[in-house]
Amino acid sequence: MNTSAQKPRILQAIEALHRADPEQAVAILNDELRLGDATGARWMSASKLAANIGEIDIAIESARRYSRTPPVSLERLLYYWGELATHGRVDAAQAEVARMPADVRDHPAVLHFQGTITGQEGDFERAIDFYRRALAKSPLLPQSWFALAMIKKFTPGDADLDAMDQHRAAIAAGGAPAIYARFLYGLGKAWQDCGEIDKAFACYSEGAALRQAEEKFDLGAVAGLVDRLITDFTPERMRQLKPPRHTSDRAIFVNGLPRSGTTLVEQIIASHSQVSDGGEIGLLRPALLPTGDFSFAGALRYQERDGSDDPWGDIGRRYERMLDMRFGSGGRIIDKTLVHSHFMGLLLHALPGSNVIWMRRNPEDVALSCFRNFFTDSLPWSWSLTDIAEFFRIEDRLFAHWSTQFPDRILVVPYEEMAADPGAWIPRILNHVGLPPEPQVFESHKTQRRVRTASLQQVRAPISTARIGLSKQFDKQMQAFRDVYYR
């Protein structure tokens, strides 16, 4: 008896992934779309699985079916709209909202959703209006307070700050720790705007402690991974990998620690007429799934068992097919997904036509910015200044390794130098990725595009040195970072 055939197709797809066979997993998910029921709660699982392996079209269609599953709920609709927006179908998401009855459009959660996508487009006044409308209906919404705090400048005596402080106890009592933590990061930002550094740091620390209680940073695991990368990915060993014949340069990679200036460089390059879009798109990892564990040994196993005469070209084509699903087939794309440093060897091998911009910035400024930002992705190292220091030391080792090994393909850009003299650095950046200078890239803050990171406000302002040295505001608190990082 073939017991595997009796298993739900989603479980079969997961088993295929465990065998490092993403193509089989995709085929199984497509069978589910073709043969499965039109509705059902399982479609959320299918959507999440498809998104994790870069199959955006399957993820969106699965989310749509989940949203249509009786009893239809606002929660399910919001999940679908969120998937549309996450994968670049913002117009479709807005059209879905517009078709809703007025009472649904005026629901606080829907108003918050509209504020989020409007803010990402740079229309901060309209986004603030959406958040205020949501909070007027439901003043204990921690997400909306956080979002409002991120896009407005607070001043002493601010009514919004008073309201946040007033609602703090009720929000703490009524929500999950991670939700309350998000509120605390917003409150900390408000206090920092007002110059209340000790109050701000206390809020950041309390929020970070709540997140740290749910997930600890595994320093040993990360350090061990980096040890293996540095040991295994040497020029001599990498010559064992078959050279790819697919050499497209469509992808432009921008790497660096979070808050090191990567979004600014993304905005500059995205202002070019030959570049379509970009972001933290997260598609390289799914493209490398055939390697199993993304290690050098996994890479060798993949090319040994693969029947293709161009295994690494297949990886490159797989990645670019995912780019097509996300962005369409025209124009070059910027990929600034976090921790590509952990995949850099395979990235530069599988995509020989692509080059990398690697941002470097004063570590104390980056550390403070990481500590005070609520990352929607789970970054356990960012919830403690000492863990941040340990993680930065590890990433410094990777930077030294990759930049030494691939000096012609990695352009190192010091943030402070670029901010002080963008007229000198922007042409160097464009030349490194094969783009001629154009006037608009020198005024990239005028480019209208969606920005999904915490830097969405900064990239709307002209390039300046104003954000250099901000960690000095927290000089006393930063000693914990310095004690570990500079030891």
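Mentor: Let's go with helix α21, residues 363–371: 9 of its 9 residues are buried, so the helix is largely enclosed by the rest of the structure. Buried here means under 20% relative accessible area, with exposed being over 50% and partly exposed in between, using a 1.4 Å probe and protein chains only. Helices are DSSP runs of H or I with at least four residues, strands are E runs of at least two, and both are numbered from the N terminus.

Before going on, some housekeeping: this is a predicted model, where local features need pLDDT of at least 70 and side-chain atom pairs count only at pLDDT 80 or more, while totals for chains, interfaces and linings use all residues. Residues are numbered from 1 along each chain as its sequence is written, and side-chain values use heavy atoms, leaving out hydrogens and water.

Back to α21. Its buried residues run from P363, E364, D365 and V366 through A367, L368 and S369 to C370 and F371. The cover over them includes α12 (177–193), α13 (197–214), α22 and α25 (479–485).

F392 lies in it and is buried, with a relative accessible area of 1%. Setting aside neighbours within four places in sequence, F392 is in contact (heavy atoms within 4.5 Å) with P363, V366, A367 and C370, and also with L257, W381, F481 and Y485.

The side chain of S403 reaches the backbone oxygen of F399 at 2.6 Å, and, not counting residues up to four places away in sequence, S403 touches I410 and V412.

Zooming out, the chain has 25 helices and 5 strands. Its radius of gyration is 23 Å, close to the 23 Å from the globule rule for 487 residues, so the chain is as compact as a globular protein of that length; the radius is taken over C-alpha atoms, and the rule is 2.2 Å times the number of residues to the power 0.38. Buried residues make up 56% of the 487.

How values were computed:
Polar contact = N/O pair within 3.5 Å; in protein donor to acceptor, adjacent residues only side chain to side chain.
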